[in-house]
Amino acid sequence: MSLEHLSFSSIRKLLSSEKQFYKRYIKKEYDNVWAENLIVWIIIHKYIELFNKDKEPNDYEEFINRQLDSKRENYIKKLDEDGEPEEWEDRWSWFYRCKRGIINFMQADLPRATYAEYKVLTNLTDNEIKFKAYIDAIFIDKDDVKDHTTDYKTVSRFSSLDGYYGSQKLDKYMLQWALYVLAVQQYDMDIDTHIVQEFKKTNPRKEKDTEYKNTTLDNWTEIKIVKKTAHRLIEIKYSEQALEFYQNMFDRYVKRAKQLSSDNMLFHFGDTEVEF
């Protein structure tokens with residue numbers, strides 16, 4: 001068994017649970033999980049892809065229904081596996097009830113990206129493990145002003161820069177953005193800012209319209225970023241320092257991921273050893 005590459009998602013998994021990282025990315029054992037945010041995001045993500053290719057649908061509702069119908073087969077398979085048809089049917093109807101919120105997103109004034117679904121596959125270090133990512137959108141300013149990336153996310157509630165919950169969300173966005181910057185620099189791109197547009201999913205019970213919030217991460221201002229360890233915050237003031245920090249951090253993740261790629265890996269949980 002071997003590790004093909006690292007990504008933002010796999011690094012996050014490595015940080016949160018080495019056991020789950022080993023299961024998902026080394027043994028290639030996948031859980032059949034279909035969370036509400038994931039389904040909503042798949043639909044929005046498909047729309048953004050078509051929008052940036054000048055192929056956006058004319059009938060939003062028909063497009064959403066078609067996307068939902070195509071995903072419903074996975075729910076039927078899940079029904080067969082779990083034997084809980086009433087529960088899953090009720091959960092599935094939730095998507096049709098929140099259709100208005102998805103349409104609101106489609107009607108928003110979205111800019112067209114220079115690059116959409118931009119794939120990067122590059123070595124961030126001198127070792128053989130590559131970093132792989134699909135960046136939602138890259139905007140190249142025609143007046144040669146600094147370029148930026150945009151990431152579209154669905155969330156159950158907006159993040160805030162204040163408080164524990166908000167700092168955790170910001171830390172996650174900072175980590176993702178820094179890795180993106182490292183990656184696109186290998187492609188001779190100079191990305192200065194990262195825009196996170198959060199799409200707050202509609203709560204059908206409250207019948208509120210879907211809201212949006214942009215978080216701008218500017219590389220040239222004083223910023224607070226995390227992950228020197230899982231729980232310690234550090235402050236970095238300039239992009240060179242920030243990128244050097246994330247480069248060193250990525251080196252450590254690569255080293256640990258390569259160790260987990262070995263057979264018969266021992267995991268320590270407290271005083272207990274678990275062998276795979």
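Which residues have the most contacts inside the largest nonpolar core?

1. Before the answer, some ground rules. This is a predicted model, where local features need pLDDT of at least 70 and side-chain atom pairs count only at pLDDT 80 or more, while totals for chains, interfaces and linings use all residues. Numbering starts from 1 along each chain as its sequence is written, and side-chain values use heavy atoms, with hydrogens and water left out.

2. The largest nonpolar core has 43 residues, and Leu3, Leu6, Phe21, Phe131, Leu179, Tyr246 and Phe250 have the most contacts inside it. Such a core is a set of buried Ala, Val, Leu, Ile, Met, Phe, Trp, Tyr and Cys residues joined through side-chain atoms within 4.5 Å; buried means under 20% relative accessible area with a 1.4 Å probe, protein chains only.

3. Elements giving two or more residues to this core include H1 (8–16), H2 (18–26), S3 (130–139) and H8 (239–260). H7 supplies the largest share, twelve residues. Helices (H or I, at least four residues) and strands (E, at least two) are DSSP runs, numbered from the N terminus.

4. There's also a second, separate core of 23 residues, with Leu50, Leu68, Met106 and Tyr152 among them.

5. Now H1 against H8: their axes (lines fitted to C-alpha atoms over the stretch in contact, angles from 0 to 180 degrees between N-to-C directions) come within 11 Å and cross at roughly 75 degrees. So H1 is roughly perpendicular to H8, a label that covers 65 to 115 degrees. On the H1 side, the contact (heavy atoms within 4.5 Å) is made by Ile11, Leu14 and Leu15; Phe250 and Tyr253 are among the H8 residues.

Definitions and conventions
Buried means under 20% relative accessible area, exposed over 50%, partly exposed in between (1.4 Å probe, protein chains only). Angles under 35 degrees count as roughly parallel, over 145 as roughly antiparallel, 65 to 115 as roughly perpendicular and the rest as oblique.
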